[in-house]
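My entries follow in the order I made them.

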Amino acid sequence: MLRKKLPFLHSLLSPVSRHVGHLTGHQYDVIVVGGGHAGTEAAAAAARVGAETLLITQKIHTIGALSCNPSLGGVGKGQLVKEVDALDGLCGRAGDWAGIHFSILNRRKGPAVWGPRAQLDRQRYRDFIQSELLSTPRLTMVEGSVEELLVTEPNPEEPGHHRVTGIRLANGSHAISARSVVLTTGTFLSGSLFVGQTTSPGGRIGDAPSSAGLSHTLRERLGLRTGRLRTGTPPRIVKDSVDLSLAKLHLPDSHPTPFSFLNTHTHCKPEEQLPCYLTFTTPGVERVVRESLQLNCHIQQDTKGPRYCPSIESRVLRFPGRSHQVWLEPEGVTSDLLYPQGLSMTMPPDIQLRLIREIPPMRRAEIHTPGYGVQYDFVCPTQLSPALQVKSTQGLFLAGQINGTTGYEEAAAQGLWAGANAARSALSMPTVTLSRTESYIGVLIDDLVSRGVTEPYRMFTSRAEFRTSLRPDNADLRLTPKGFEEVGCVSSVRYQESLRVRNSLQDALTALQALFLSTSSWKKKLPSVPISETKSTLLTGLDLLQYNDVTFEMLASAFPESLSSFMEFAQRLKIEAVYKPHCDLNKKEIERIQREENMSLPQDIDYFSLPVSLSDEVREILDRVRPSTLGAATRLEGITPAAVVNLLNYVRVTEKKKETHRNQRQQEAQRDEELCANSASLPQ
């Protein structure tokens, strides 16, 4: 279902951005600030839910730009892309359109932790995202820089100390009203760029800095706790100046696997994919780093950077004497640049050139654009609800790097969920949450709002307790029905397709379980499979499919009349069979966590006066973080098992009192109705 809908894109974009004045008298449901991965997903999701949405970005033409690496997915990150797609998000389909090198990482391990990944053509990806947004109903885009949020007194019937009612643009008095605002400012919130000893305001090279007024509003007007993080990007290398014969060739998968559940193939044909190349740093690289430390102010500062994607300076200082991987990745089909993954650096440009020339394939390399570092403000995410709404401020939602995360995929996932909830809030519908038992997005959000961050947060499969259930292959079964029935962000077309897949898989599993044979009979049917005949037990087709050497194709060949119609789902059925025992074992633990997550903790609770046996330390933690549920409280660092039990007892007693009170009110109302009925029946 790849759609070719990109012609005339640039001619369409130019008029979109120019008319700000007429917006000031318009009441939007949702305003999204920022056009990166979080902002584009937020705006599209809000519009899909049914909200009149305005996307404000500094440059329309950079919407959907890949600011750093030209890739999508990976271990943990690929799961997020699949889940965003299952909720009808953009990035999966964009990746299928723009991908030029597809691979499944972690294939040596089980399918639950496989990492779908693709190298992307930067221009194709940006064009696809912009084209999708331009064709999205109820979505308007405008160029501008937001100076401040419009803040008023809160609605007394809802929790919160403030209410955001819109934004004011910089360089003028343009105020635009909205019922909900989503901030997806990325690295632009009080961002500073670093190259060597030079510092300048900005969040991305070539773009104007964001207004300082927005940071001031968040800190001073709304009283939010903020911090400072940093990241960086490597220099871009002129491809023709690199001797790729000295690097190790890394070919893509021969059969590309699409990200999107709606696509059966990718835009790039298998034979048209481009290779990547692997090389390594040398002792000369370490020497250049150490000799230039005094010229690099970014690396000397205490601001936390990404541990899992560190600069080459950080890697050298942390692991001296080691050789480090450098991937040379294409930036596009027609691009003349290479992206040196693993060489993020912030030293002066002339020193950067010295460093890359210490690596054999780049002895004569030329730099097109130097690497640089960015420092930016983020909001401590423990101040957010699981709907990604600021707890103390009605109508304000945050998504992406402003919440302390790093990566396109993490930003896209947050953007979609914040945008959907912002729309629901604006349309007077209750916000919705995702459990960490049902999705990686739920794990991501729960980690952020429950635990906070001390460094840029990156998703890994190891963060998910139930990763055997939260697999890339079943994201549509887990999330698409919820997205359509409960959230409202999924189209009817996708929903109907997910129902078809679900029903077909269930029919196939039923057919497999109906195949009851003895081990000797199975041995005759599948003579090449090592089936032990020592046990005289009956095995089903599903039991057999759990064998490493058995494929669904083999079973379908042996029983064509009952299984051949399900060949479309051969791989999915194999994965379902392999993980069925694990998922069955997890059910009780998942049910326990879901029960705890259904036990709400009032946001206005006074933990310091709570008549429960809690230590002062525990009370301080609960008061600072204010977890939304008992389940979230159990995952807070410093919360003891005894404190959890006492909280559980308090919640149960409180809920019982509420239920008793509700019953009393219902009985009183019923008595009043009976009295009125009796009075009406008396003769006048």
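I began with strand S12 (residues 226-233), which is joined to S19 by 8 bridges, the two running antiparallel. In this pairing I found Leu229 opposite Tyr376 in S19. The model I am reading is a predicted one.

Next I looked up the pairing of S19 with strand S10 (residues 192-195). These two are also antiparallel, over 3 bridges. Here Leu193 stands opposite Val374 in S19.

I then followed S10 to S11. They pair through 4 bridges, again in the antiparallel sense. I noted Ser192 opposite Pro201 in S11.

I put the strands in order. They form an open sheet of 4 strands, S11-S10-S19-S12, with antiparallel pairing. From one strand to the next, the twist averages 25 degrees.

How many residues of strand S19 (residues 372-379) are buried? I counted 8 of the 8, so the strand is largely enclosed by the rest of the structure. The cut-off I used for buried is under 20% relative accessible area. I recalled that side chains in a regular strand alternate between the two faces of the sheet. On one side, Tyr372, Val374, Tyr376 and Phe378 are buried. On the other, Gly373, Gln375, Asp377 and Val379 are buried as well, and both faces of S19 are covered.

I turned to helix H11 (residues 408-426) and checked its length. Its 19 residues, at 1.5 Å a residue, should span 27 Å. The end C-alpha atoms of H11 are 26 Å apart, which agrees. I also looked at its burial: H11 is mostly covered, with 18 of its 19 residues buried. After H11 comes Ser428, and its phi is positive, near 65 degrees.

My last entry is on Gln79, which lies in helix H3 (residues 77-86).

Technical notes. Residues numbered from 1 in each chain as written. Predicted model: local features only at pLDDT ≥ 70, side-chain atom pairs only at ≥ 80, totals over all residues. Heavy atoms only, no water. Buried < 20%, exposed > 50% of the residue type's maximum accessible area, 1.4 Å probe, protein only. Pairing = 2+ DSSP bridges. Axes fitted to C-alpha atoms, helices over the stretch in contact; angles between N-to-C directions. Expected span 1.5 Å × (residues − 1).
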